[in-house]
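Please open the model in a viewer and keep the sequence panel at hand.

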Amino acid sequence: MFKPARMTRVLLGGHKSHLEDVIETLHDEGVVHVEDFADPTGTTTIGTPLEAGDQASALLVHARGLLKTLGADGLKGKGMRPHDPEAILREAREAIQPVVDETSDLRHEQSTLDAETSALAPFASLDVDLSMLGDIRSIRGYLGTVRTDPRPALTAAGVSFDASVDGAHVAVAVAAHDAQTADRVLAEAGFSPANLPEGASGTPRQRLGELSQRGAEVIARMQGAEARMDTLRAEWGPRLAALERHLSQEVDKTQAPLQFAVTETTFHVEGWIPVDKANRVQNALAARYGDSVYFESLGDAPRGHDDHGHGGGHGHDDHHDVDPEDEAPVKLVNRGLAKPFEFMLGLLGRPRYGELDPTKLMFIFFPLFFGLMVGDLVVGLVIMLVGHLLKTKKVFGIGGPAVGRALMMGGFMAALIGGVVFGEALGIHFVVDEKYADEEPSWENILGMDIPYEDEPHGFFYKTGYAPTADAYALDAGGSGHGTESLQQADENATTGHDTNATAAHGDDGHGDDHGDDHSGGILTPHSKVHVSAGGIVNLGYYSKIHDIQALLVWSVIIAIVHLVLGLILGVRNVAASHGVTLAIQEKVSWLIILASIPVAILSNGDTTMLAIGVGGAVVGIVLLWIGTAKVLGVGFISILEVLGFAGNVLSYTRLAAIGASKAGMALAFMAIGFDVIGGGSYHSVVGWIVYLIGMVAITALAMLSGGLQSLRLQFVEFFQKFYTGGGRAYQPFGGRRA
Amino acid sequence: MAIGAGLAVGMAGIGTALAQYSIGAAAVGATAEDEKNFGKGLVLTVIPETIVIFGLVMAILIWLRI
């Protein structure tokens with residue numbers, strides 16, 4: 001379950017006349033990971049590509065070009081064997097090319113019209129006939145912009161002219177014989193001609209109308225062309241995609257001999273096959289070629305470590321210096337919900353062959369950590385929705401099916417944990433203890449619902465935990481009557497620390513002090529004991545991300561230790577499998593001994609025997625580690641630093657609580673801005689809600705990014721460090737589905 | 001105490017920023033070269049975030065007067 005598929009190395013050989021057929025068979029089977037043939041004897045050479053290759057490559061380029069023109073290059077083709085790819089391509093080009101040409105002509109025409117329209121638009125109000133700009137022998141026309149009105153200067157120069165002026169935009173017509181004078185005068189007035197094509201007639205306004213009419217015609221024709229293109233895409237896209245697939249397979253096949261070894265008359269292939277498929281391939285070859293093709297299965301020992309005696313057994317004992325290139329390729333076998341995490345694992349690198357595949361563990365822990373860090377019913381549901389969208393779309397390059405699915409699972413856990421453990425939606429708790437009701441909003445109060453207590457008549461939802469007896473709130477005597485100030489004070493409490501704030505208004509009930517004092521019980525006791533019970537099946541809302549941060553930090557450390565111990569146990573297995581049991585004890589079991597000893601020593605509580613066992617165990621662990629480190633690195637004392645590193649690893653998990661608290665802190669800040677500052681202290685202010693929800697959108701985006709990355713990081717850096725090597729090769733079967 | 005908590009987060013933040021500055025720049029460079037590096041870059045860039053989280057945790061502990 002936690003191991004990649006078992007592989008076996010196979011050798012194939014036969015007469016060259018079978019080469020093409022064998023390639024065909026291997027391609028059809030699609031399970032052989034072909035290796036570049038390494039020949040220690042030097043008597044063979046690599047094969048040459050089959051002759052059909054050149055033509056297939058040319059056709060492939062052609063097909064891909066057409067697919068791109070159609071805008072259908074993302075289509076996945078179905079398998080087929082066309083009789084005459086060349087004819088199909090010719091037919092496709094004949095159908096598609098005219099539409100492509102028409103579209104490009106129309107685009108050109110449209111850009112010409114646009115250019116003229118924008119050049120002419122400023123002159124719309126001038127009353128001139130544009131034909132004067134053309135070839136009229138007796139008149140010289142000017143249309144353009146000027147810095148100063150040229151009319152007085154023209155009059156002074158004795159030019160006979162007709163002008164229409166609108167601010168800086170002028171149209172001037174002069175008699176042809178005055179053209180030189182007019183040129184000079186206009187140049188002095190800073191004239192710069194409009195860039196217009198020749199041959200227009202009518203006033204600028206008429207011309208503009210004409211242009212917009214022609215523009216509309218072009219657009220209509222363009223839409224027609226696009227519609228025809230759509231029809232062509234529907235008709236040809238799938239066919240061309242299938243053809244593309246077929247041709248690229250052909251090219252693959254013709255290139256295959258480059259990985260083979262050949263002599264004058266024979267060929268040899270070396271590759272890896274999943275053990276459960278080896279028989280199928282052998283039978284297929286035997287059925288077609290009988291004894292004339294040689295097939296041998298060598299087991300999963302790395303190349304160059306041939307040990308025929310083992311006959312397929314695990315020859316891992318002396319794995320030390322095996323190059324991953326010589327090892328079997330790694331085919332991960334995960335199905336269903338765990339599958340997307342193969343992609344996440346791919347960011348780090350595949351496991352080595354023989355190592356455990358941690359994908360399924362990531363499937364368990366990624367959503368769990370994500371859920372703990374995000375922990376909010378509504379935000380979780382929103383993230384599920386975003387994940388659903390990201391399955392098909394990419395935003396800022398982030399996305400794809402794997403990321404989308406992982407986010408959906410993370411969102412689900414966030415909603416679940418947010419609902420049950422934290423009992424909050426949109427950063428607001430479902431219910432709060434009555435004694436905090438003045439300081440903290442709750443959905444119960446905002447919506448004006450009065451959820452009954454357990455001992456009162458109730459429906460499906462009821463409050464459980466604290467009974468609202470007078471005793472429980474005796475301390476709250478001074479805490480009433482905060483009115484609208486309450487929110488602000490709650491915020492101050494949250495951000496500045498309670499002790500300085502525990503003034504008369506709050507009495508003793510500042511929540512920071514609750515943890516050990518008010519409530520009997522340990523460090524893990526929540527500050528607010530009231531939950532909503534859903535029909536007695538499940539209670540919602542135990543911890544508050546901010547008020548119970550201490551408890552949550554402790555929980556984080558507990559999770560850290562569980563997670564890291566699991567990592568170490570996997571490490572014992574991995575090291576034992578690859579480097580032997582001795583090193584596994586020195587490298588990994590030593591850690592487990594240290595970890596088990598420390599609590600014994602701490603909890604010994606004065607009992608000398610217990611203390612001795614604890615300290616002794618820790619010393620034994622460190623000594624073992626020292627020896628192991630000395631063996632691997634050559635210097636043993638580094639192991640002492642490593643012990644401190646482990647403490648760092650554990651503390652690193654406090655991000656599970658800290659990130660949740662920081663998000664809750666941000667929500668509190670937006671609450672203060674929205675409801676206190678803008679809403680005037682009311683939770684029913686519409687503007688306040690808008691501001692708050694905008695804040696929540698930002699928080700959700702951050703939660704997704706940081707929750708996802710931090711959760712991934714806890715796996716990669718802290719967890720994997722304890723057992724994972726990585727660096728295995730991907731299994732890429734010849735003729736198999738392309739990744 | 002509030003100042004202490006603020007300093008804990010603030011200075012840890014500066015430390016993280018310094019670390020992420022160079023990693024981020026390198027990651028963007030690698031991504032420009034080959035888009036497949038985006039995921040790796042993103043993961044590597046958040047590694048120093050631990051520092052600021054330690055800072056945040058310290059701030060919380062100071063705030064809780066432990």
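Begin with chain A as a whole, where residues 24 or more positions apart account for 74% of the contacts with a separation of 6 or more; two residues are in contact if their C-beta atoms, placed from the backbone, lie within 7 Å. The model is predicted, so local features need pLDDT of at least 70 and side-chain atom pairs count only at pLDDT 80 or more, while totals for chains, interfaces and linings use all residues. Residues are numbered from 1 along each chain as its sequence is written, and chains are lettered from A and ligands numbered from 1 in the order in which they are written.

Helices (H or I, at least four residues) and strands (E, at least two) are DSSP runs, numbered from the N terminus. Of the 739 residues in this chain, 38% count as buried. A residue is buried if 20 or more other C-beta atoms lie within 10 Å of its own, exposed if 12 or fewer, and partly exposed in between, with C-beta atoms placed from the backbone.

Next, select residues 139-145 of chain A, which form strand β4. Seven bridges join β4(A) to strand β6 (residues 169-175), and the two run antiparallel; two strands pair if DSSP finds at least two bridges between them. Within this pairing, Ile139(A) has Ala175(A) as its bridge partner. Strand β7 (residues 192-193) of chain A is also antiparallel to β4(A), through two bridges, and here Gly144(A) is partnered by Pro193(A).

Move on to the open sheet of chain A that has the strand order β15-β16-β17, with antiparallel pairing. Which strands stand at the edges? They are β15 (461-464) and β17 (538-540); each has a single partner strand, so one side of each is left without a neighbour in the sheet. Neighbouring strands are turned by 35° against each other on average, direction ignored; axes are lines fitted to C-alpha atoms, for helices over the stretch in contact, and angles run from 0 to 180 degrees between N-to-C directions. Four bridges connect β15(A) with β16(A), residues 531-534, and Thr464(A) stands opposite His531(A).

Now centre on Trp626(A), located in helix α16 (residues 608-633).

Then select the contact between the chains, made by 22 residues from chain A and 20 residues from chain B. On the chain A side, the elements that give two or more residues are α14 (549-579), α17 (638-652), α18 (655-678) and α19 (686-719). Of these, α19(A) gives the most, with six residues. The chain A side divides into 10 nonpolar, nine polar and three charged residues; Ala, Val, Leu, Ile, Met, Phe, Trp, Tyr, Cys and Pro count as nonpolar, Asp, Glu, Lys and Arg as charged, and the others, Gly among them, as polar.

Finish with chain B, which has three helices and zero strands. Its radius of gyration, taken over C-alpha atoms, is 15 Å, well over the 11 Å that the globule rule (2.2 Å times the number of residues to the power 0.38) gives for 66 residues, so chain B is more spread out than a compact globule. The C-alpha atoms fill a box of roughly 50 × 15 × 10 Å along the principal axes. In chain B, 32% of the 66 residues count as buried.
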